Amino acid sequence: MREPLPTFRFHPDPVQSGAVEPSPEPCGCCGKARGHVYTGPCYVEDDFDAVLCPWCIADGSAFRRFGVTFADIEPQPDFDPRIAAELEERTPGITTWNPIDWPACCKTPMAYLEPAGHAELTARHAELTAALPAWGATELDMTPDEATQLCQRLQRDHAPTAHVFRCLVCRRPRAVFDFD
Ligand SMILES: [Zn+2]
Ligand SMILES: [Zn+2]
């Protein structure tokens with residue numbers, strides 16, 4: 001039996017989001033083959049091709065050993081620097097077509113759920129799907145028709161994609177559009 005994955009409050013299900021995958025490969029940090037590896041972005045200066053396990057991300061050992069970070073967080077007045085460090089150094093990152101800002105709600109970074117296309121939105125994020133065209137029209141300065149068409153074209157594996165987040169405090173969902 002595989003051991004349970006570590007807890008990431010800002011990226012609670014990295015298998016669902018695709019940032020962590022089952023794999024027999026050993027981790028380049030702890031040397032153990034623990035059944036899952038990280039497949040998301042790594043920000044580091046040198047050539048870096050080490051396989052990392054999610055446990056070495058969670059306990060900060062991959063960051064301490066390699067200087068690798070997993071998100072590029074713009075300093076925001078709402079983010080406590082300790083929370084920004086947790087996002088950058090100890091949280092699996094988000095694979096995007098273009099950089100997106102990690103959104104905040106209730107003065108806290110939101111939890112990242114998954115990249116979603118129209119199918120995933122309809123299947124798992126119904127409350128967001130209904131509100132998205134109107135919200136997209138405002139956010140992206142589109143007509144309601146254009147925003148509706150954009151929402152129909154969203155795909156998980158190709159741009160445009162909607163990255164789905166949920167506030168850990170008020171539970172409100174939010175989507176961030178990602179274009180190529
Ligand atoms: Zn490891
Ligand atoms: Zn909130």
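The model is predicted: local features need pLDDT of at least 70, side-chain atom pairs count only at pLDDT 80 or more, and totals for chains, interfaces and linings use all residues. Residues are numbered from 1 along each chain as its sequence is written, and chains are lettered from A and ligands numbered from 1 in the order in which they are written. The domain assignment divides the chain into domain 1 (6-95) and domain 2 (97-180); such bounds come from an automatic or database domain assignment.

**Domains and their contact**

- Taken over C-alpha atoms, the centres of domain 1 and domain 2 lie 23 Å apart.
- Contact between them involves 17 residues of domain 1 and 13 residues of domain 2, where two residues are in contact if their C-beta atoms, placed from the backbone, lie within 7 Å.
- On the side of domain 1 that touches domain 2, helix H1 (14-17) and helix H4 (81-90) are the elements that give two or more residues. Helices (H or I, at least four residues) and strands (E, at least two) are DSSP runs, numbered from the N terminus.
- That side of domain 1 is made up of eight nonpolar, five polar and four charged residues. Ala, Val, Leu, Ile, Met, Phe, Trp, Tyr, Cys and Pro count as nonpolar, Asp, Glu, Lys and Arg as charged, and the others, Gly among them, as polar.

**Thr 96**

- Thr 96 is placed in the loop between H4 and strand E3 (104-105).
- Thr 96 counts as partly exposed because it has 17 C-beta neighbours inside 10 Å. A residue is buried if 20 or more other C-beta atoms lie within 10 Å of its own, exposed if 12 or fewer, and partly exposed in between, with C-beta atoms placed from the backbone.
- Leaving aside neighbours within four places in sequence, Thr 96 is in contact with His 163 and Asp 178.
- Thr 96 and Pro 115 are 19 residues apart along the chain, and 8.5 Å separates their C-alpha atoms.

- Strand E5 (residues 111-116) is mostly covered, with six of its six residues buried.
- E5 and E6 run antiparallel and are joined by five bridges; two strands pair if DSSP finds at least two bridges between them.
- In this pairing Pro 115 stands opposite His 163 in E6, and Tyr 112 stands opposite Phe 165 in E6.
- Five of the six residues of E6 are buried, so E6 is largely enclosed by the rest of the structure.
- Six bridges pair E6 with E7 in the antiparallel sense, and Val 164 stands opposite Ala 175 in E7.
- The hairpin of E6 and E7 has six residues between the strands, and Arg 171 in this hairpin takes a positive phi near 70°.

**Helix H6**

- Helix H6 (residues 126-140) has 15 residues, which at 1.5 Å a residue should span 21 Å; the end C-alpha atoms are 21 Å apart, which agrees. The expected span of a helix is 1.5 Å times one less than its number of residues.
- H6 has a kink of about 50° at Leu 132, shortly before the proline Pro 133. The bend at a residue is the angle between axes fitted to the seven residues ending there and the seven starting there.
- Leu 128, Thr 129, Leu 132 and Gly 136 are the buried residues of H6.
- The cover over these buried residues includes helix H5 (118-124), helix H7 (144-153), strand E6 (161-166) and strand E7 (173-178).

**Backbone exceptions**

- Most residues other than glycine have a negative phi, and most peptide bonds are trans.
- Asp 141, in the loop between H6 and H7, is not a glycine but has a positive phi of about 55°. Asp 141 counts as exposed because it has 9 C-beta neighbours inside 10 Å.
- Lys 107, in the loop between E3 and strand E4 (108-109), also is not a glycine and has a positive phi of about 60°. With 12 other C-beta atoms within 10 Å, Lys 107 is exposed.
- The peptide bond joining Ala 159 and Pro 160 is cis, with omega about -5°. Pro 160 lies in the loop between H7 and E6.

**Glu 88**

- Glu 88 lies in helix H4 and is partly exposed, with 18 other C-beta atoms within 10 Å.
- Not counting residues up to four places away in sequence, Glu 88 touches Thr 69, Phe 70, Ala 71 and Ile 73.
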